[in-house]
Amino acid sequence: MFAGLRLTSLRLRLVVVFALVALTAAVSASGIAYWLNREAVLTRVQDGALNDFRRQMQNRVAGLPVRPSADELRITAEQMAGSGAGYSVLLLGERDAGKPIIGASDPDRFTLADVPASLQEAVNTERKITESNPYPYHLFWQRTQADGKPYLVGGTRITGGGPTGYMFKSLEAERADLNSLAWSLGIATLLALIGSALLAQAAATTVLRPVHRLGEAARRLGEGKLDTRLRVSGTDELAELSRTFNATAESLQKKVADMSAREEASRRFVADMSHELRTPLTALTAVTEVLEDEQDDLDPMIAPAVALVVSETRRLNDLVENLMEVTRFDAGTARLVLDDVDVADQVTACIDARAWLDAVDLDAARGIMARLDPRRLDVILANLIGNALKHGGSPVRVSVRTEGEDLFIEVRDHGPGIPAEVLPHVFDRFYKASAQRPRSDGSGLGLSIAMENAHIHGGDITAANSPDGDGAVFVLRLPRDASDIADREGKGQ
């Protein structure tokens, strides 16, 4: 019933709280009941025995002569003990002045040594007679133990120099009864504890079932199942919570639907705009190529304008291509075209195609094979190395290594590094580190596209500053075989 409960679970806490409350209540009730019954039993037995002993002292001992004999004391003690009250009697008298005699009903069981000294002193102390104290001697009693057994010892003295009497009653039967009562109360407490645990389990089940349903619904909602709703029944707080959850889920579904529609419209707009721009850009690119070929023959006053048109046209062409690539990533239509490549050859080809051989140091052993998309790897490398050359400092070092089933390509420059406030945003779209240069050569999409291409392979890119404070370090991690990723993409997973 309680299997699998965590120490921090609400169910266990409810059970523990119920059990502690029940245990406290049961122990308190049992303790009070035991104490009241104990006092009642002992007081009844005690009062009965002491009252009988007082009467026997008044009726029998008070009638003895002032100087009784030992036989008279013994016989009287036996008569007192035989009255049915169940106690032994010890009588002390004086045969002559300073010569005490003792009469006991059962000398083997009860002797003067069994009477506590404090009780003997209290019994033999003569008190002054006043209006509030008409008698010089009183009856005193005390509970004691002998050989581990409880006894009641009482004593008094006859006024006028008469004998002193002590009674000795066993409380063993009463202790046995009280022990039985204690066992009964203990069993009742245990049953109450078990009952409270069962009740707590039932209550926890009743209370936590809706909470569990709410948790499951929240989990499904977090997984994107925005049509999740709870069945509402009743008017209690849990029902109100379910209504609130349903209202929140409905509002969230509506807002997500609106946002998705706006996002889809934005993606469609970017894709359509990029597509529409390609036709005029193709014509512009052809014109700029002609102008670039004739730039040396142009009027010196016109040549700078032509150079600006050429560079801006190329920049616009790159921006449109990047926007179309981003649109494909957002739409989920980007796919891997895998091939077996030698990583060192691929990095060398990327550097050579862009005439970076003199500015880049390559540390890559040939023969490191990987099954990747060569075009996307080229895009990643071009962005990382180009970014290092443009914003870092020479020389730029590219190193290739493998760890297990992963391929690592590290691009390090020797520039000023990346400011701490910029590091978290280097892969954000259109992010530029300096607000003072919004018209820099870059579009702000290169590193973002590099990261998307790494993700589509099942890898990632990390950016950090060199530990020695000399430049920035970008590390590309890719699986050496992206076949599983490509297969899942092909199945739409």
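Ten helices and twelve strands make up the secondary structure of the protein, in a model that is predicted. The protein has 493 residues, and 34% of them count as buried.

**Whole protein**
- The accessible surface of the protein is about 28,400 Å², and carbon and sulfur atoms account for 55% of that area.
- Taking contacts between residues at least 6 apart in sequence, 62% join residues that are at least 24 apart.

**Ser88**
- Ser88 is part of strand β1, which covers residues 87-96.
- The relative accessible area of Ser88 is 3%, so Ser88 counts as buried, the cut-off being under 20%.
- Leaving out residues up to four places away in sequence, Ser88 touches Ala81, Ser105, Asp106, Arg109, Phe110, Tyr166, Met167 and Phe168.
- Ser170 is 82 residues from Ser88 in sequence, while their C-alpha atoms are 9.0 Å apart in space.

**Second largest pocket**
- The volume of the second largest pocket is about 300 Å³.
- Its lining consists of Arg54, Met57, Gln58, Ala62, Tyr135, Tyr137, His138, Leu139, Thr156, Arg157, Ile158 and Thr159.
- Helix α1 (10-59) and strand β4 (149-157) each contribute at least two residues to the lining of this pocket.
- The largest share of that lining comes from α1, with three residues.
- Sorted by class, the lining of the second largest pocket holds six nonpolar, four polar and two charged residues.

Terms used
Residues are numbered from 1 along each chain as its sequence is written. This is a predicted model: local features need pLDDT of at least 70, side-chain atom pairs count only at pLDDT 80 or more; totals for chains, interfaces and linings use all residues. Side-chain values use heavy atoms; hydrogens and water are left out. Helices (H or I, at least four residues) and strands (E, at least two) are DSSP runs, numbered from the N terminus. Buried means under 20% relative accessible area, exposed over 50%, partly exposed in between (1.4 Å probe, protein chains only). Contact means heavy atoms within 4.5 Å. Accessible areas come from the Shrake-Rupley method with a 1.4 Å probe; for residues, only the protein chains shown count as cover. On a 1 Å grid over the protein atoms alone, a cavity is a set of points where a 1.4 Å probe fits but cannot get out, and a pocket is an open set with protein on both sides within 12 Å along at least five of seven lines; lining residues have an atom within 4 Å of a point. Grid points are joined across faces, edges and corners, and a volume is the space filled by probe spheres set on the points. Ala, Val, Leu, Ile, Met, Phe, Trp, Tyr, Cys and Pro count as nonpolar, Asp, Glu, Lys and Arg as charged, and the others, Gly among them, as polar.
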